[in-house]
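Keep the structure open beside you as you read.

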Amino acid sequence: MLQPLHDSALVLGLGGGSLVRALRHARTGLQISAIESRPAVLEAAVDWFCMDDSDPSLELVCADAAEFLENSPDSFDLVFADLYLSEGVNPIQNTQDFLDACRAHLNPGGILLLNHWCSEFRDSQLARQALHEVFGRQLLELHVQGGNVITFAFRSPLPRLQRKPFLDAALALGQRLDTPLQRLARNFWRQNSEALGVGRFRGRHAALSANR
């Protein structure tokens, strides 16, 4: 919906594997590498949450996310960062070094997606500052109920979207996943209208694009 179809994804933070299952259901043939630092969590995902470690399209790696990014030569169309500790989001996920490493592993046209929640205003501001340092204006966000923010950070310029095809695609995908994606898509469109240059921001967006 945001870019042409993708072929590869890196998931940093497997947990129970719900994100991996959704990706496999939404995009048949997607090559996924899932990184999890806790052996017991990785074992539980395989034994209890239907993670098939024999599937050739799914690579399960027990490793620290930052160390994996430092040592892996691979790049991906999508990178998902969902690193949480018992008390909340892993602070490393909001640092410029980590975000730089994620960007370095994106293919041209790739997208980094971060799920983050900052209980303190200062933490939220530091995370936003780090994102802008690495990705500049190439950011979109979706604020969801409960305080989570999903950030879409683009290696290339932001896509040019049309509202109806975007919402229609969200509806079709939501029906496949049995998830109310069209409602989320409407919120996404409203929350990012200025960045996308739509509605009353259309003229301003065109002027900014001409000056890039």
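This predicted model holds three aromatic pairs. In one of them, Phe166 and Trp189 sit 5.7 Å apart, centre to centre, with 40 degrees between their planes, so the pair counts as tilted. Phe166 belongs to helix H6 (residues 163–177) and Trp189 to helix H7 (residues 181–191), so the pair ties together parts that are 23 residues apart in sequence.

Are these two residues buried or exposed? Buried means under 20% relative accessible area, and the table gives the values.

| Residue | Relative accessible area | State |
|---|---|---|
| Phe166 | 6% | buried |
| Trp189 | 10% | buried |

Now look along H7. Its buried residues are Leu181, Ala185, Phe188 and Trp189. They cover an arc of only 95 degrees around the axis, which means that they lie on the same side of H7. What do these buried residues pack against? Their partners are strand S8 (139–143), strand S9 (149–154), H6 and helix H8 (193–196).

H6 has a meeting with helix H1 (residues 18–26) as well: the axes of H1 and H6 come within 10 Å and cross at roughly 115 degrees. The crossing in which H1 passes H6 is right-handed. At the contact, Ala22, His25 and Ala26 of H1 meet Leu173, Arg176 and Leu177 of H6. Sorted by class, this contact has four nonpolar residues, one polar and one charged.

Technical notes:
Residues are numbered from 1 along each chain as its sequence is written. This is a predicted model: local features need pLDDT of at least 70, side-chain atom pairs count only at pLDDT 80 or more; totals for chains, interfaces and linings use all residues. Side-chain values use heavy atoms; hydrogens and water are left out. Rings of Phe, Tyr and Trp (its six-membered ring) pair if their centres lie within 6.5 Å; planes under 30 degrees apart count as stacked, over 60 as edge-to-face and the rest as tilted. Helices (H or I, at least four residues) and strands (E, at least two) are DSSP runs, numbered from the N terminus. Buried means under 20% relative accessible area, exposed over 50%, partly exposed in between (1.4 Å probe, protein chains only). The arc is that of the directions from the helix axis to the C-beta atoms. Contact means heavy atoms within 4.5 Å. Axes are lines fitted to C-alpha atoms, for helices over the stretch in contact, and angles run from 0 to 180 degrees between N-to-C directions. A crossing is left-handed if the near helix is turned anticlockwise from the far one by less than a right angle, and right-handed if clockwise. Ala, Val, Leu, Ile, Met, Phe, Trp, Tyr, Cys and Pro count as nonpolar, Asp, Glu, Lys and Arg as charged, and the others, Gly among them, as polar.
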